[in-house]
Amino acid sequence: PKKKQRGAVAAGMSVDVGGDNTKADTEVEIEEEEGSAFISGTGRGRDGPTGITLPAYASGRSNNFCLLVDQAWREARGFRLFELEGKIGGPAKDGSRSVQAREWYCAKEVEPDEGGFQFGFHGFLPLQAGFHKTLLPKDAWVPVTGIVMTRIKVLQDYRDEDEGILSLKADQTVTMLSETGNGWSLLRADGGEEGWFPSGYTQEVRKFVEIEDEQGKVHPLLFASATPAWIPRYCFCHK
């Protein structure tokens with residue numbers, strides 16, 4: 001069996017990037033490689049393909065995503081993210097549904113500098129340029145909303161004692177949540193603190209997608225049979 005390397009696969013990730021899997025006439029069976037898993041307070045991203053442009057969603061949001069947690073991933077305490085194209089087909093005899101979809105991966109490129117991703121705030125990029133014919137098993141998926149975020153770099157030190165204003169140092173990378181248009185951006189530092197910061201002191205690094213209410217969407221699929229005392233605060237990451 002193939003071994004999963006620590007940091008190579010985070011929650012929501014397939015194990016192998018493989019080639020350019022863009023043929024729409026391929027029936028993609030969702031499988032899980034053999035391997036072990038471990039509980040961690042944070043998740044590590046992975047490297048992925050380059051040159052795939054992030055779609056320009058209206059209002060920076062898209063409802064054409066779904067989370068998948070089939071039995072193999074439930075046992076591994078992980079999940080996968082797919083973007084859907086077109087309508088979802090009716091259920092087959094076994095309850096599965098056929099869709100045109102492409103997988104997204106938890107990207108090292110947009111991973112917070114301090115400690116990796118926290119459960120609920122994973123950053124995703126497209127794993128494939130095209131869409132495949134994909135089967136979603138019965139009761140193993142749920143529709144979700146993807147929100148476009150921007151990873152930015154601070155260009156110079158800025159300190160402000162006012163409440164709600166972030167003080168950041170040059171070369172820090174943080175996540176931009178929104179921009180007002182009047183010279184200020186709402187940012188989230190890697191430690192979780194949110195506040196306003198002057199837009200002119202920043203430079204865009206990479207746009208990516210987060211899942212709206214990730215924890216609320218994942219828990220019903222991932223921990224349906226778990227007792228409240230057993231449920232961990234964070235996703236598993238794979239070795």
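Guide: A nonpolar core is a set of buried Ala, Val, Leu, Ile, Met, Phe, Trp, Tyr and Cys residues joined through side-chain atoms within 4.5 Å. Buried means under 20% relative accessible area, exposed over 50%, and partly exposed in between (1.4 Å probe, protein chains only). This is a predicted model, in which local features need pLDDT of at least 70 and side-chain atom pairs count only at pLDDT 80 or more, while totals for chains, interfaces and linings use all residues. Residues are numbered from 1 along each chain as its sequence is written, and side-chain values use heavy atoms, with hydrogens and water left out.

Visitor: Which residues touch the most other members of the largest nonpolar core?

Guide: They are Phe79, Leu81 and Trp104, in a core of 29 residues. At least two residues of this core come from each of β3 (61–68), β5 (97–106), β6 (124–126), β8 (141–154), β12 (202–211) and α2 (214–222). Helices (H or I, at least four residues) and strands (E, at least two) are DSSP runs, numbered from the N terminus.

Visitor: And which element gives the largest share?

Guide: Strand β8 does, with four residues. Another core, of eleven residues, lies apart from this one, and its members include Tyr158, Ile165, Leu166 and Leu168.

Visitor: What is the secondary structure overall, and how much of the chain is buried?

Guide: The protein chain has two helices and 13 strands. Of its 239 residues, 46% count as buried.

Visitor: Back to α2, then. Which of its residues are buried?

Guide: Glu214, Val218, Leu221 and Leu222 are the buried residues of α2. Viewed down the helix axis, they fall within an arc of 85 degrees, so they line one face of α2. The arc is that of the directions from the helix axis to the C-beta atoms.

Visitor: What do they pack against?

Guide: The buried residues of α2 pack against β3, α1 (71–76), β6, β8 and β12. Contact here means heavy atoms within 4.5 Å.

Visitor: Changing topic: how many salt bridges are there?

Guide: A search of the whole structure finds nine. A salt bridge is a side-chain nitrogen of Lys or Arg within 4 Å of a carboxyl oxygen of Asp or Glu. One pairs Arg61 with Glu212 at 2.8 Å, N to O. Arg61 is in strand β3 and Glu212 in the loop between β12 and α2, so this pair ties together parts 151 residues apart in sequence.

Visitor: What about Arg102 and Glu83?

Guide: Their side chains meet in a salt bridge at 2.7 Å, N to O. Arg102 belongs to strand β5 and Glu83 to strand β4 (residues 80–85), so the pair ties together parts 19 residues apart in sequence. Arg102 and Glu83 are both buried.
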